[in-house]
Amino acid sequence: MLEVKNIHQYYSGSHILRDVSLSAAHGQVTVLLGRNGVGKTTLLKSLMGLVPIKSGSVQLDGRDLSNAKPYERASAGIGYVPQGREIFARLTVEDNLRMGLATQPGGTPIPPELFELFPVLKQMLHRRGGDLSGGQQQQLAIARALAARPRLLILDEPTEGIQPSIIKDIGRVIRRLADVGMQGQRMAVLLCEQYYDFAEELADQYLVMERGEVIAHGPGSEMKAKNIQQLVAI
C-alpha cells in the first residue's frame, strides 16, 4: 500500500504541492483528477523521486522511500508510466521491455503475461518503438513499467492522444491488474487522468487536486452523486 503524508514541494520559489496526503491500496484503482496545472504530474514525479519533496513522507508497504532515488523506488516495487510515454524510439519493442528489467538480476526473462495483456507487442517484438502507433507506444510504455512486476503502478494520463479502441483495451488491463495482478498478486494502481468518463469507470477511490492541494476525495461509487465532474471541468 502506498501512503503519502503531508508532502510539500517547491519549484523556483513557488509552492507547488501543499500538504498533500493520499493512499493507494492493493487491489484498487485510485484516480487522481484535476484541471491542467494543478500539480498532478509534479505529485507523481515526487512519488517516483524525479523531483524532491521539501517535507512529508512517502511509504510503500511500510518502507520509507521519502529520500530514495528513482531506481531505488523502482526496485522497491513502483512502476511508472510517464505522461508522453517516453519510450526509446530507436530501440526495438523487445529492448524497450528489457529496459523495464533494469532493476532485476541479469538474465531475467520478459514476463510472458505482458504478451497476454498486450498481444500486439508480441507481433511487433522486433520493430523499433518509434515505428509503432501512438496507442501501441502507450501499451509498450505500460508493459515496460510492468516488466519488473511492481506492487504499485503509477500512470500519468495514459489515454492522452489514444484512439478509443485502445483506450478500452488499456482500461481492461488496468482493471485486471488491480483485480488479479501479475502472478496472482493484485496491484495498487494510481491513475492520473483527464478523460473523466474513463476515470470514473475505473475508480475505486478518487482524489481531486486544485492549486496543489487535495480538495476532495472518497469512494469512486460516489463520484456521480457528488458531481465530481464539475470540479474538474475546464
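Me: Let's start with R211. Is R211 buried or exposed?

Reply: Keep in mind that this is a predicted model. Exposed is the word for anything over 50% relative accessible area. R211 has a relative accessible area of 68%, so R211 is exposed.

Me: Where does R211 lie, and what is its phi?

Reply: Here's the general idea: most residues other than glycine have a negative phi. R211 has a phi near 50°, a positive value in a residue other than glycine. R211 sits in the loop between strand 9 (205-210) and strand 10 (213-219).

Me: And what is the phi of D61?

Reply: For D61, phi is near 50°, again positive in a residue that isn't glycine. D61 belongs to the loop between strand 4 and strand 5. Its relative accessibility is 38%, so D61 counts as partly exposed.

Me: Moving on to the sheet, what is the order of its strands?

Reply: Read the order across the sheet: it goes 2-1-4-5, an open sheet of four strands with antiparallel pairing. Strand 2 (14-24) and strand 5 (63-64) are at the edges with a single partner strand each, so one side of each has no neighbour in the sheet.

Me: How many bridges pair strand 1 and strand 2?

Reply: Seven bridges, and the two strands pair in the antiparallel sense. For one case, take I7, whose bridge partner in strand 2 is V20.

Me: Last one: which residues of helix 7 are buried?

Reply: In an α-helix there are 3.6 residues a turn, so residues three or four places apart point the same way. In helix 7 the buried ones are I166, I167, I170, G171, V173, I174, L177 and A178. They cover an arc of only 165° around the axis, which means they are on the same side of helix 7. On the other side, P164, K168 and R172 are exposed.

Me: What do the buried residues of helix 7 pack against?

Reply: Their partners include strand 3 (29-33), helix 4 (113-117) and helix 6 (134-146). Just after helix 7, G181 takes a positive phi of about 75°.

Definitions and conventions. Residues numbered from 1 in each chain as written. Predicted model: local features only at pLDDT ≥ 70, side-chain atom pairs only at ≥ 80, totals over all residues. Heavy atoms only, no water. Pairing = 2+ DSSP bridges. Buried < 20%, exposed > 50% of the residue type's maximum accessible area, 1.4 Å probe, protein only. Arc of directions from axis to C-beta. Contact = heavy atoms within 4.5 Å.
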